[in-house]
Amino acid sequence: MTDPQASQGGPSTPPRRRRADAERSRSAVLDAAIRLLAERPDAGMAAIAAAAGVTRQTVYAHFGTRDELLEAVADRITEEAMAAMDDAEVDEGPALEALLRLQDISWRLFEGHPVLLQLGAAPGNAEADGVRHEPVMARLTRLIEKGQAAGEFDPEPPAAWLVAAVTALGHAAGDEVGAGRMTVGEAAAHHRTATLRLLHARPHRAHAAS
């Protein structure tokens, strides 16, 4: 088992090389944490270090606490979510279909990364969580405004309120999964149904006529 940080060398190593080595080491730890936490959400720093092939001291050099590591994992998963949304072109086509694609992507990531339950329940993470979800919320806002303009969604409530309500429904569904009262599939289905009812969703007129 080799430690990526061991290749950083001593004081004679150029600063740029040390930074590159440190970044590779950090990335290796983060990749290992994402893989391991998908299987064992309660995995500790020692187990993550072993999965990454580094010492526990190396993990702590990059992430002072397990909570810091979990925050970095959440940031990486958010990047993964945004890439998946780009690939799925969630801003394209009728707003209703795009919204449902966005929700499907979110639930697939949730199912693949159960550690997100820990992050959602952790105290003091509200500000970081809000910043992390800003790009997703912006997409959701655009979709709801687009749907209202096209007659797919109820035009009366402010879009910002509908975004907050849809998001709250998603958090409530996630809490049910965390409490063991629903499977991910059940929570996703109920979230979808509740969202459609909240928005008074109906197919795009041109799309329905085709």
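This is a predicted model: local features need pLDDT of at least 70, side-chain atom pairs count only at pLDDT 80 or more; totals for chains, interfaces and linings use all residues.
## Overall architecture

The chain has 10 helices and 0 strands. In sequence order the pattern reads α-α-α-α-α-α-α-α-α-α.

Of the 210 residues in the chain, 38% are buried. Among contacts with a separation of 6 or more, 68% join residues 24 or more positions apart.

## Helix H1 and its cover

Helix H1 covers residues 15–39. With 25 residues at 1.5 Å a residue, H1 should span 36 Å, and this agrees with the 37 Å between its end C-alpha atoms.

The buried residues of H1 are Asp21, Ser25, Val29, Leu30, Ala32, Ala33, Ile34, Leu36 and Leu37. The elements that cover them include helix H2 (45–52), H3 and H4. An α-helix has 3.6 residues a turn, so residues three or four places apart point the same way.

## Phe63, between H3 and H4

Phe63 sits in the loop between helix H3 (56–62) and H4. Its relative accessible area is 2%; because this is under the 20% limit, Phe63 counts as buried.

Beyond its neighbours within four places in sequence, Phe63 is in contact with Arg26, Val29, Leu30, Met45, Glu68, Leu69 and Ala72. Val29 and Leu30, two of these partners, are also listed among the buried residues of H1. Met45 is another partner of Phe63; the two residues are 18 apart along the chain, and their C-alpha atoms are separated by 9.6 Å.

## The H4–H5 pair

Helix H4 comprises residues 66–88 and helix H5 residues 95–112. Their axes come within 10 Å and cross at roughly 145°. The crossing is right-handed.

On the H4 side the contact is made by Ile77, Glu80, Ala81, Ala84, Met85 and Ala88. These meet Arg101, Leu102, Ile105, Ser106 and Leu109 in H5. By class, the residues of this contact divide into 8 nonpolar, 1 polar and 2 charged.

## Helix H5 and Ile105

The 18 residues of H5 should span 26 Å at 1.5 Å a residue, and the end C-alpha atoms are 26 Å apart, which agrees. Buried positions in H5 are Ala95, Leu96, Ala98, Leu99, Leu100, Leu102, Gln103, Ile105, Trp107, Leu109 and Phe110. Of these, Leu102, Ile105 and Leu109 also take part in the contact with H4.

Ile105 lies in H5. It has 4% relative accessibility and therefore counts as buried. Leaving aside its neighbours within four places in sequence, Ile105 is in contact with Ala81, Ala84, Met85, Ala88 and Val90. Of these partners, Ala81, Ala84, Met85 and Ala88 belong to the H4 side of the helix pair. The C-alpha atoms of Ile105 and Met82, which are 23 residues apart along the chain, are separated by 9.5 Å.

## Thr167 in H8

Thr167 belongs to helix H8, residues 159–178. Its side chain reaches the backbone oxygen of Val163 at 2.8 Å.

Not counting residues up to four places away in sequence, Thr167 touches Met137 and Leu140.

Technical notes: Residues are numbered from 1 along each chain as its sequence is written. Side-chain values use heavy atoms; hydrogens and water are left out. Axes are lines fitted to C-alpha atoms, for helices over the stretch in contact, and angles run from 0 to 180 degrees between N-to-C directions. Helices (H or I, at least four residues) and strands (E, at least two) are DSSP runs, numbered from the N terminus. A crossing is left-handed if the near helix is turned anticlockwise from the far one by less than a right angle, and right-handed if clockwise. Contact means heavy atoms within 4.5 Å. Ala, Val, Leu, Ile, Met, Phe, Trp, Tyr, Cys and Pro count as nonpolar, Asp, Glu, Lys and Arg as charged, and the others, Gly among them, as polar. The expected span of a helix is 1.5 Å times one less than its number of residues. Buried means under 20% relative accessible area, exposed over 50%, partly exposed in between (1.4 Å probe, protein chains only). A polar contact is a pair of N or O atoms within 3.5 Å; within protein, one must be able to donate a hydrogen and the other to accept it, and residues adjacent in sequence count only if both atoms are side-chain atoms.
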